[in-house]
Amino acid sequence: SVAAPPRRGALIVIEGCDRTGKTTQAMKLVEYLNGSDRKAIFMRFPDRTTPIGCLIDSYLSRGVNLEDQVIHLLFSANRWESHPKIISTLKSGASVIIDRYAFSGVAFSAAKESLGLQWCKGSDAGLPKPDVVLFLDLPLEQAATRGEYGSERYEELKFQQRVYKNYMALRDDTWKMIDASKSIEEVQRSMEAEVERVMKESKFGPLPGLWW
Ligand code: Z5A
C-alpha cells in the first residue's frame, strides 16, 4: 500500500516592532516543536546571506542609498527567493517559523511619506498566507529600554510609531496579539499555547495567497 502524504506543516509568522523579542521567541518556538517531535525550521527576513540580502544589509547600515521603491522591492524579492523552500518544507510536513515577513515589509515601507500601504502590498501579494501571525506587542518606550536605538536606518521613535500604526492596519483574524512586556519565559508560554491551538484547529488545506 502507498503511504498517505504527510499533513502539511504550519506557517507561523512572528511580527512586532523593534526589540520586542521576535528572534528570541522564534528560536524558542522551533526548539519547542522539535523537542515534541514536530519538525520545524527557523527562517528570518531580511535573509542577509543572499546577494539581495547583502544589498539590504548595506542599505540598513547606511553603506548604500537606494530609492524607497527600490529597497521595498528588494525586501520583497528577498522573500520571493525563499518561496520554493517555504513551500517544499511545508509540503514535507515540517512547520516554518518566520521572524518578520511581508507585514514588516509593508509596515516599514509605508511609514515613509513616499509610499502608500496599497502600493506596498502589491509586491508580496501571492506569497503563502500564514496560518497565524503572532504579534509581539510592547509599548515603544519599553522596547527602547532594551537597548538604545542603534545607528541602523528606521531605529527612531517617530518612525517606529508610524510602523506600529501600519501594523495595526494590516491585522486580520489570523493575528494574535501577545503581551511582550512579560518575562521571556511567560511570553514563550503564551506563544506555545497559541501554536498548540492553531495546530489543533487548523484544517491545513492548501495555502491561500497573501492579500488575494
Ligand atoms: N525591514 C523592512 O523594512 N522591510 C522588510 O521587509 C523586513 C524588515 C523584513 C532589520 O530587521 C530592519 O529591516 C528592521 C525592519 C526592516 N528595522 N528596524 N528598525 P531585523 O529583523 O534584522 O531587525 P533586528 O534589528 O535584528 O531585530 P529587532 O527587531 O531589533 O529585535 P527582536 O528580534 O524583536 O528582538 P530580540 O533580538 O529577540 O531581543 C532584543 C533584546 O531584548 C535582546 O537583548 C533580548 O535578550 C531582549 N529581550 C527579548 N525578550 C525579552 C523580554 N521578554 N524581556 C526582556 N528582555 C527581552
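Reader: When do two strands count as paired, and what is the strand order of the open sheet?
Author: Two strands pair if DSSP finds at least two bridges between them. In this predicted model, five strands form an open sheet with parallel pairing. Their order is β2-β3-β1-β4-β5.

Reader: Which strands stand at the edges of the sheet?
Author: An edge strand here has a single partner strand, so one side of it is left without a neighbour in the sheet. From one strand to the next, the twist averages 20 degrees. The strands at the edges are β2 (40-44) and β5 (175-179).

Reader: Which residue of β5 is the bridge partner of Asp 137?
Author: Strand β4 covers residues 132-137. It pairs with β5 in the parallel sense over five bridges. In β5, the bridge partner of Asp 137 is Asp 179.

Reader: At what angle does α1 run to β2?
Author: Helix α1 lies across β1 (11-16), β2, β3 (95-99) and β4. Its angle to β2 is about 165 degrees.

Reader: Is α3 roughly parallel or antiparallel to α5?
Author: Helix α3 (residues 68-80) packs against α5 with the axes 10 Å apart and at an angle of about 175 degrees. Angles over 145 degrees count as roughly antiparallel. Therefore α3 is, relative to α5, roughly antiparallel.

Reader: How many residues of each class make the contact of α3 with α5?
Author: Helix α3 contributes Asp 68, His 72, Phe 75, Ser 76 and Arg 79. From α5 come Ala 102, Gly 105 and Ser 109. By class, the contact has two nonpolar, four polar and two charged residues.

Reader: Which helices each supply at least two residues of the shell around the ligand?
Author: The ligand is surrounded by 22 residues, the closest being Gly 21, Thr 24, Phe 75, Gly 105 and Phe 108. The shell divides into eight nonpolar, eight polar and six charged residues. The helices that each supply at least two of its residues are α1 (22-35), α5 (102-109) and α9 (184-201).

Reader: Where does Arg 62 lie, and what is its phi?
Author: Arg 62 lies in the loop between α2 and α3. Although Arg 62 is not a glycine, its phi is positive, at about 65 degrees.

Reader: How far apart are the end C-alpha atoms of residues 14-190?
Author: An unreviewed UniProt entry lists residues 14-190 as "domain: Thymidylate kinase-like". Over these residues the chain is 49% helix and 14% strand. The end C-alpha atoms are apart by 13 Å.

Note on methods
Residues numbered from 1 in each chain as written. Predicted model: local features only at pLDDT ≥ 70, side-chain atom pairs only at ≥ 80, totals over all residues. Near = placed C-beta within 6 Å. Helix = DSSP H or I, 4+ residues; strand = E, 2+ residues; numbered from the N terminus. Nonpolar A, V, L, I, M, F, W, Y, C, P; charged D, E, K, R; others polar. UniProt positions renumbered as here; feature names shortened; annotations may be inferred. Axes fitted to C-alpha atoms, helices over the stretch in contact; angles between N-to-C directions. Parallel < 35°, antiparallel > 145°, perpendicular 65-115°, else oblique. Contact = placed C-beta atoms within 7 Å.
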